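Reader: Hi! I'm new to reading protein structures. Could you walk me through this one?

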Amino acid sequence: MGTLPLAGIRVVEFVHMVMGPTCGLVLADLGADVIKVEPAPEGDNTRRLGGSGAGFFAFTNRNKRSLAVDLKSAEGMALVKRLLATADVMVENFRPGAMDKLGLGYADVAALNPRLVYCSCKGFLPGPYENRVALDEVVQMMGGLAYMTGMPGRPLRAGSSVNDIMGGMFGAIGILAALNERHATGKGRLVQSGLFENNVLLVAQHMAQFAATGKEAPPMTQRLPAWPIYDIFEVSDGQVFIGVVTDTQWKVFCEAFGMTALAEDPTLSTQRERVEARERTIPIVAEALRGFTRDGLMARCEALGLPYAPISRPVELFDDPHLNNSGGLVPVTLPNGALTKLPALPLSLDGERPGLRHDLPKPGEHGAEIARELGYSERDIAAMRAAGRLV
């Protein structure tokens, strides 16, 4: 791929976990020079997470450079402030007040570099909740998403860090808007993105449904589908989801799978009648499909132009032919040296997916390089390293 859209934009991030690093990932994949400031000597604690957090660092930190520095030292802080003076964007996602205590709050950095766009990714935007500790689970529970995902009385978090990821994305959107505004004003501004507010946007369709109809949406697990067939069906070697959502699809589906009696049934002539008759029709459909293999049923649906999907596990996506043939998986080297492929941004530029420019950085891997760019001499760099101020 040629020059990327954000080439020439310098981003300095003070981030950990998922939300802040995702914001930086979006900007990095689009060509920005994203410099990850980490504590010396071991780097971001996210590197050492296990369990469900074991993939956080690998997922969010490609295409970045690492600067591991001692921010508690005068030399380390001086280097970082010199770096911020050259930056277009700063991103942080630590607890409220943490950056102010370091002397790197918005007012401090804006005074140093008025053109800089400062993005804070937080649990809550300013208001009564702003000092609460937030997690993806916290905002899913209080924001209605867990209620809509689980069974009645059994709220269930979504199977991904949806708010952390989307919250980081909205931070990036706000940054891009502020950078565009800077062309006219010459000044940066404070951008804030909130986990809770992101979650509220995710359930906005259910709020709007109540506002429009006066009826509260039940959990998705208990909702009557709006379509006559919108279900997961058991086949001989797995499961397949099929959707039949138009009058034409209903006729095509029934005739293709030997259910002409349903297609010709006068009591099933409208969508509403077919939806209300699901208790009667779905067992008939399930029996007609049971003898297919998963691949066989999907091939038939593909030929008929019907919506369908295999029920896949995340691990199966490594071998997905579409992802592998469209640049949808980016090769990276894990901290343990293993090679793998992880998802690209879900967009293309002139038909190409943004790929890999920098592999996952080691802690402080680019520290000397960045210091040289800022005008530090080799003697200065060696002295800072010897004192443990720079990796």
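Author: Happy to; we'll look at the sheet, then the helices on it, then the pocket. Keep in mind that this is a predicted model.

Reader: Great! What is the strand order in the open sheet of six strands?

Author: The order is β3-β2-β1-β4-β5-β6, and the pairing is parallel.

Reader: And which strands stand at the edges?

Author: Those are β3 (64-69) and β6 (190-194). Each has a single partner strand, so one side of each is left without a neighbour in the sheet. From one strand to the next, the twist averages 20°.

Reader: How many bridges join β1 to β4?

Author: Four bridges join β1 (residues 10-14) to β4 (residues 89-92). Phe14, for example, has Glu92 in β4 as its bridge partner.

Reader: Okay, helices now. Which strands does α1 touch?

Author: α1 packs on the sheet and touches β1, β2, β3, β4, β5 and β6. Its direction makes about 140° with that of β5. Helix α9 (residues 195-202) lies across β5 and β6, at about 60° to β6.

Reader: Switching topic: what volume does the largest pocket have?

Author: About 1100 Å³. It is lined by 38 residues, and the closest to its centre are Phe59, Ser160, Ile165, Pro343 and Ala344.

Reader: Which element gives the largest share of that lining?

Author: That's α8, with seven residues. The elements giving two or more residues include α1 (19-29) and β11 (339-343) too.

Reader: How do the lining residues divide into nonpolar, polar and charged?

Author: There are 29 nonpolar, seven polar and two charged residues in the lining of the largest pocket.

Notes
Residues are numbered from 1 along each chain as its sequence is written. This is a predicted model: local features need pLDDT of at least 70, side-chain atom pairs count only at pLDDT 80 or more; totals for chains, interfaces and linings use all residues. Side-chain values use heavy atoms; hydrogens and water are left out. On a 1 Å grid over the protein atoms alone, a cavity is a set of points where a 1.4 Å probe fits but cannot get out, and a pocket is an open set with protein on both sides within 12 Å along at least five of seven lines; lining residues have an atom within 4 Å of a point. Grid points are joined across faces, edges and corners, and a volume is the space filled by probe spheres set on the points. Ala, Val, Leu, Ile, Met, Phe, Trp, Tyr, Cys and Pro count as nonpolar, Asp, Glu, Lys and Arg as charged, and the others, Gly among them, as polar. Two strands pair if DSSP finds at least two bridges between them. Axes are lines fitted to C-alpha atoms, for helices over the stretch in contact, and angles run from 0 to 180 degrees between N-to-C directions. Contact means heavy atoms within 4.5 Å.
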